[in-house]
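Here is a short briefing on one protein chain. Please look over the sequence and the model before reading the notes.

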Amino acid sequence: MMTLTIWSDFACPYCYIGETRLQKAIEELGLRDDVRIDFRAFELDPTAPKEVTTNTPERFAAKYRLSLEGAKKQIEEISQLGRELGIDFRYATTQYSNTRDAHRLMKLAEAKYDRDTVGRLNEALFAAYFTENLVLSDHEVLLAKGVEVGMDEKEIREVLESDKYDDEVRLDEREAAMRGVRGVPYIDFGGHFAVPGAMTVEGFRSALERELKRQQKENEDFTGERPHACGPDGCQLL
């Protein structure tokens, strides 16, 4: 089993694009049942308000020191990358707000539900932001998305109305800082190498194949000798 660890934020367009490309590469290589993905929280702006106070083109223009028309052009180019993957990508009309509670909801899913549910929730939250243009700080939005993927409504409400899993989100972000992660997506391949950014599908295929070859070599090296061990029936003799 190959384990990938992904740091991302639901308000990050390249995270949605990158993770979708990664999933396509996994499918193309027939590795769907052989890859486990662990999700880690990374807030692009931990100080973002819970209320929507700006529109995306104006915020984008101010952040990157572009004209409004230049910002719209860049946003459209990024959106087109998503559309090429079959996503109804609507970056220009996203509702920018704090994503901490969305990450806490993911932590609940990881703690209490199976990997399929976690993956569906991850996809649902990205789609909520970039396709449906919903406000991810809105507890009713998060509740609806959680229930939609099979999570318990009462359990979700209890988490959202408290600070539960806040420490887990902060722990993810501290780990990212210790690794020197300054941008997302950041994808760790089994602790052996990492990919910072949204590569192409072909790039992700190469990375997956590299990790597969490493695992195969490791297995070959391991099975090349006969390790000694003891069990209930006795010890292996020299």
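Predicted model: local features only at pLDDT ≥ 70, side-chain atom pairs only at ≥ 80, totals over all residues.

Residues are numbered from 1 along each chain as its sequence is written, and side-chain values use heavy atoms, with hydrogens and water left out.

**Overall build**

- The chain has 9 helices and 6 strands, taken as DSSP runs numbered from the N terminus (helices: H or I, at least four residues; strands: E, at least two).
- Along the principal axes, the C-alpha atoms fill a box of roughly 75 × 40 × 30 Å.
- Of the 238 residues, 46% count as buried (under 20% relative accessible area, with exposed over 50% and partly exposed in between; 1.4 Å probe, protein chains only).
- Among contacts (heavy atoms within 4.5 Å) between residues at least 6 apart in sequence, 71% join residues at least 24 apart.

**Nonpolar core**

- A nonpolar core is a set of buried Ala, Val, Leu, Ile, Met, Phe, Trp, Tyr and Cys residues joined through side-chain atoms within 4.5 Å.
- The largest such core holds 66 residues, of which Leu4, Leu22, Met151, Phe189 and Leu208 touch the most other members.
- Helix 5 (residues 115-130) gives the most to this core, with 9 residues.
- Beyond its neighbours within four places in sequence, Met151 contacts Leu105, Leu108, Ala109, Tyr113, Thr117, Leu121, Gly146 and Ile156.

**Helix 6 and helix 7**

- Helix 6 (residues 139-148) packs with helix 7 (residues 153-160) at an angle of about 145°, and their axes are 10 Å apart.
- Axes are lines fitted to C-alpha atoms, for helices over the stretch in contact, and angles run from 0 to 180 degrees between N-to-C directions.
- Helix 6 contributes His139, Glu140, Leu142, Leu143, Gly146 and Val147 to the contact, and helix 7 contributes Glu153, Ile156, Arg157 and Leu160.

**Thr99**

- Thr99 lies in the loop between helix 3 (68-83) and helix 4 (100-112).
- Its relative accessible area is 4%, so Thr99 is buried.
- Not counting residues up to four places away in sequence, Thr99 touches Asp9, Ala11 and Glu43.

**Cysteines**

- Cys12 counts as buried because its relative accessibility is 5%.
- Cys15 is also buried, with a relative accessible area of 0%.
- The count of disulfides comes to 0, a disulfide being a pair of cysteine sulfur atoms within 2.5 Å.
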